[in-house]
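Thanks for coming. I will walk through a few parts of one structure, and you can follow along on the screen.

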Amino acid sequence: MIRINCPFCGFRDHSEFTYGGDASIVFPDLDASSEAWIDAVFHRDNIDGVQRETWHHVHGCRMWVVVTRDTVTHEISAVEPAHQGIKLVLEAMTGLSSSDEDQQP
Amino acid sequence: MTGRRVSTGGLIDRERSLEFSWNGERLEGFGGDTLASALLANGKSVVGRSFKYHRPRGVMSAGVEESGALVTLGRAEWSDANVRATTQELYDGLVAKGQNAWPSVEFDLGSVNNLFGRFLAAGFYYKTFMGIPPLEWGTGTGAWMWYEKFIRKAAGMGRASRLPDPDKYEHAHDYCDVLVVGSGPAGEAAAIAAADKGLDVVLVEQDSMLGGDNLVVDTSQSPVSRLAHLESQGIRVMTRTTAFGIYDNLVVGLLERISDHLTDPPTYLPRQRFWTLRPRFIVLATGAIERHLAFGNNDRPGVMTAMAGRAYLNRFGVLVGDKVVVATTNDSAYEVAVDLHHAGAVVSLLDARAQVSSILTDVVQSIGIDLHLASAPLDIKGRRAVRRLLIAKSDGSSWRQAFSKECDSVLVSGGWSPVINLLSHRGVRPIWHRDNACFLAGPTDEFITVAGAAAGIWTKAGCIKSGENAGNIASSAINEKSLYKLSPTSIENSSWSNPIMPLYEIRESNKKLKSFVDFQHDVSAEDVRLAHREGYISVEHLKRYTTLGMATDGGKMGNVIGLALMAEAAGKEIPDIGATVFRPPYTPVSIGALSGRSTGKYFRPLRRTSLHNWNIAHGAVMVETGLWQRPWYYPQPGETLSEAYVREAETTRHSVGLCDVTSLGKISVQGPDASEFLNRIYTNPFAKLPIGKARYGIMLRDDGVVMDDGTTWRLTETDYFMTTTTAHAAQVMAWLEELLQTRWSDLRVHVTSVSDAWAGIAVAGPQSRAVLESNVDNTEDISNENFPFMGVREILLKDGTQCRIARISFSGELAYEVYVPADFGPHVMEKLWTTAKNFGGCLYGLEALGTLRIEKGHVTGAELDGRVTLEDAALGKMASPNKSFIGSTLSRRSELLREDRPQLVGIFPKDRMATFNAGSILKGATSVVECGDGWITAVTHSPELGHWIGIGFISGGRRAWLDKQVFSSDPVRNMDVEVEIVSPHMVDPDGVRLHG
């Protein structure tokens, strides 16, 4: 069972979360071209290694988080709020970025 | 073999006599016995029958690796199949019987299969019944379908009761610093060392008693005093608990057997408890399992591992035979021979090695044990018991039959396999250790270490030392958070004084013997060679073709032998063949324990609206829609479903009907940018929705397909109330959160699910306004001018209850949806119903709701199935041409705009008296070609039109089928009905009633 260090709740089992998708995707403007949208919605890299992905703490604080995970070992190296504003506030409060924190449960 | 109880010794309680039943016979054992030890003490040797050949099988081990003594425990709904008699504790009143045999395990008619053994070799099923490609490609399966049930009856193990499990199970969670698995010398030392460092230690032991090997080798300290000592160190000890799997991030699955050993467990106790434990470090002191050897008839009752023979004597006070041959490839069996000799057995010892140091040989020979070097078992004579052992001598390169010995049991030690299964679960590949002839754990940087025999350490002193090391490693890994890596550590005096001989099979060249490798699945040495000859090179393929290692023991006894034979056949070394991966669980886990309390309604909880009891009290018949219980219909005395819903729909259209719509999803959307947010997610314009107005909206997914629909009401400048469909409420909420947090962090919007906060009541029909008027002080509030179609108002009822009302309609009639705080639901419903009754109104349920919406061609989840676009659903005009919204770009993909896509239509039967079914296929031709031309999503009898109607999708929509014959085809119920394709808006297409 993967355990995710939710920035708001602490270490929680992955069964409290739902998987979102590739967090590296930058969704285009709503009026962007069909090609840009097809690329964002359908084209994915099948990464063998570290990838950034979104998870929803749906049975917890209901926050979306960005998890940096090794797809081979499931090792998680960082968990950050997906919301940019909240991320900045949290970093200001704790004085460090969440990727610096010790990830060992 | 005829086992018997010796007069003294063992860890059994001779004062506590236990009565149990074996195949209907009443037998006695003692407290501390396992079922296997009690059966042996009673002289029962044949206790099972094998999987394919129905060969008689006896007790083969004294532990979890047991492959012979598999029995069915309990009766009727309590019956539990494939229980290992070697681990089942005896209790008073235990009922057990043999399995896979008729009429009994002693005399089994199925054993004729043994005569046809050459036809039942590896791959038998595939070759015979699956068809031989390419000639019989696809044709063989027909024969398989026919024969399968006969074969399945003849082959197999115990049977499930097929009755619901009467026992209770629990799930529990826990944390600790260090988990130690196993309570033998290494585990005990590791736990104490870690606890000394101030760590919170959990020690789990699958056995009922602590001690591991000590229970067999050194019974001087009682398990009870071990427990007291460990607990005095603050160690949390769990016996009867198996660590069956290790998962990502060091999450460990434990199965605790709470009452499997109790005669009459208290009802408050669960049968088993499933623990999810999250330790910070794991010490595996899981020991090693003694290996068998492959030789002729090595599965006969009376053949068991050497350690098992010693365990039955020293722990259970049972001597397994009077004339015993101990056969070994290593030093470990010498002590077995000595112990059995002292207990009064006549013991012969065969050592496959030609040279052994005199220190060892003197020990046995000085007490008169008959020792033969360079000797090994070759074949056994005797069917249901061992009568004679043929013995082979080695000349250094091959084995040749030399002499034979009369005996009643054969105790075998073919070496030891460290239990590294749990590391295998983490993907750690085992590494072959040539000197010890076994697999050891490979490197890993997870916080796991291995101690004792599990690490290939064979001496007790070495095990204790390695346990202490492991405890210290755990402490430094946790406290210093040091980068840790598991790698072999060398421990002095950890191995035997004489090297093991790597021997797996004894046979004479060119002679075929019935030598078993995997006992449970009847896989023989010849099967392994046959698989090799037929080209199965990969060990994973060998496993699947022969089923080696795929029985309930998971290959604990046979895998290494199978690999060794495969390597020999291929002319390779074992490391070059590779090893199969052990997967969880280590020992079987009951399905009941996995599900815990999550069964029936606890697995799939009911959701009830706050009006639930009110609905029931007013005669509602309920129906499950997803998790929700909703009123289906409200029958009057003697009324059927069809009569009731037609009456309800008719009454609603002509006077007024009330319906509980509480289950709709409700989301509060608040913030300065709420309008902008809604404008982006809905296809139609929301930017300029006036305060006090509602609007019907549709959301698409990114790919342009419809996700959900509902109405959203503007309450204030910055406050909106959104409703969703019942089915998609949770999905829409998660989607809005995703958009706001991952894509549009700049939008100042907050969403809150308020589904449970509000009760909702639809008041529909021409008299609906009158019903509301009767319940408010100021009727002007309700007038058509002050409260027009799509208006939203906060209104006080006469008794002061505040309601949030929108004039919106799903039925197509003049209608309102009244929302009140959930707890006020029944009260307000009662008020409205009291008035509605006076207007001849009715309560209506989901069935009538369906009728009303089908008549209007309104879509629901049945139509919006995740494949349908706005145009498909005849909602094309809901897409604003003046703005971009989620899905707008991809909804214009050419494939989604094709004219021949299935489009929403209404359906009438050509013969207006005819009926037809939802789920039917629509087709133009007389026979269905591929998937037909369309499908029907919903049908109903329309009281308004006086005949059956339906809605569905057909290729090209209504225009493509004008003046063409169309049939509703239901191949399952063999019903073809000619239909007419009409507009989906079948009643009041211009919406006159809405605005009335």
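**Where the two chains meet an aromatic ring**

I start with a pair that spans the chains: the charged end of B:Arg743 sits over the ring of A:Phe27, at 3.4 Å from the ring's centre. Please keep in mind that this is a predicted model.

B:Arg743 belongs to helix 21 of chain B, and it is one of the buried residues there. The helix covers residues 729-743, which makes 15 residues. From its first C-alpha to its last it reaches 21 Å, close to the 21 Å expected at 1.5 Å a residue. How many of its residues are buried? The count is 12 of the 15, so helix 21 of chain B is largely enclosed by the rest of the structure.

Next, the aromatic residues. Over all chains, the structure holds 19 aromatic pairs. Take A:Phe17 and A:Trp55: their ring centres are 6.4 Å apart and the planes stand at 85°, so this pair is edge-to-face. A:Phe17 is in the loop between strand 2 and strand 3 of chain A, while A:Trp55 is in strand 4 of chain A, so the pair ties together parts that are 38 residues apart in sequence. Are these two residues buried or exposed? Both A:Phe17 and A:Trp55 are buried.

B:Phe677 comes from helix 20 of chain B and B:Trp744 from the loop between helix 21 and strand 39 of chain B, so the contact ties together parts that are 67 residues apart in sequence. B:Phe677 counts as buried because its relative accessibility is 0%. B:Trp744 is buried as well, with a relative accessible area of 10%.

There is also a cluster in chain B, where ring pairs link B:Trp713, B:Phe721, B:Trp758 and B:Tyr819. One of these rings carries a charge over its face: B:Arg804 lies over B:Phe721, at 4.9 Å from the ring centre.

Now some strands in chain B. Strand 13, residues 251-257, is mostly covered, with 6 of its 7 residues buried. Strand 12 runs antiparallel to strand 13 and is joined to it by 6 bridges. In that pairing B:Ile246 has B:Val252 as its bridge partner. The hairpin has 3 residues between the strands, and B:Asn249 takes a positive phi near 55°. Strand 13 also runs antiparallel to strand 14, again through 6 bridges, and here B:Arg257 is the bridge partner of B:Gln272.

B:Ile431 counts as partly exposed because its relative accessibility is 45%. Leaving out residues up to four places away in sequence, B:Ile431 touches B:Cys438, B:Phe439, B:Leu440, B:Gly442 and B:Pro443.

Last, confidence. Chain A averages a pLDDT of 90, and 90% of the residues score at least 70. Over residues 100-105 of chain A, however, the pLDDT is below 50, although this stretch has 16 contacts in the model beyond near neighbours in sequence. Where pLDDT is low, the predicted coordinates should not be read in detail.

Notes: Residues are numbered from 1 along each chain as its sequence is written. Chains are lettered from A and ligands numbered from 1 in the order in which they are written. This is a predicted model: local features need pLDDT of at least 70, side-chain atom pairs count only at pLDDT 80 or more; totals for chains, interfaces and linings use all residues. Side-chain values use heavy atoms; hydrogens and water are left out. Buried means under 20% relative accessible area, exposed over 50%, partly exposed in between (1.4 Å probe, protein chains only). Helices (H or I, at least four residues) and strands (E, at least two) are DSSP runs, numbered from the N terminus. Two strands pair if DSSP finds at least two bridges between them. pLDDT is the predictor's confidence in each residue, from 0 to 100. Contact means heavy atoms within 4.5 Å. The expected span of a helix is 1.5 Å times one less than its number of residues. Rings of Phe, Tyr and Trp (its six-membered ring) pair if their centres lie within 6.5 Å; planes under 30 degrees apart count as stacked, over 60 as edge-to-face and the rest as tilted. A charge sits over a ring if NZ of Lys or CZ of Arg is within 6 Å of the ring centre and within 35 degrees of the ring normal.
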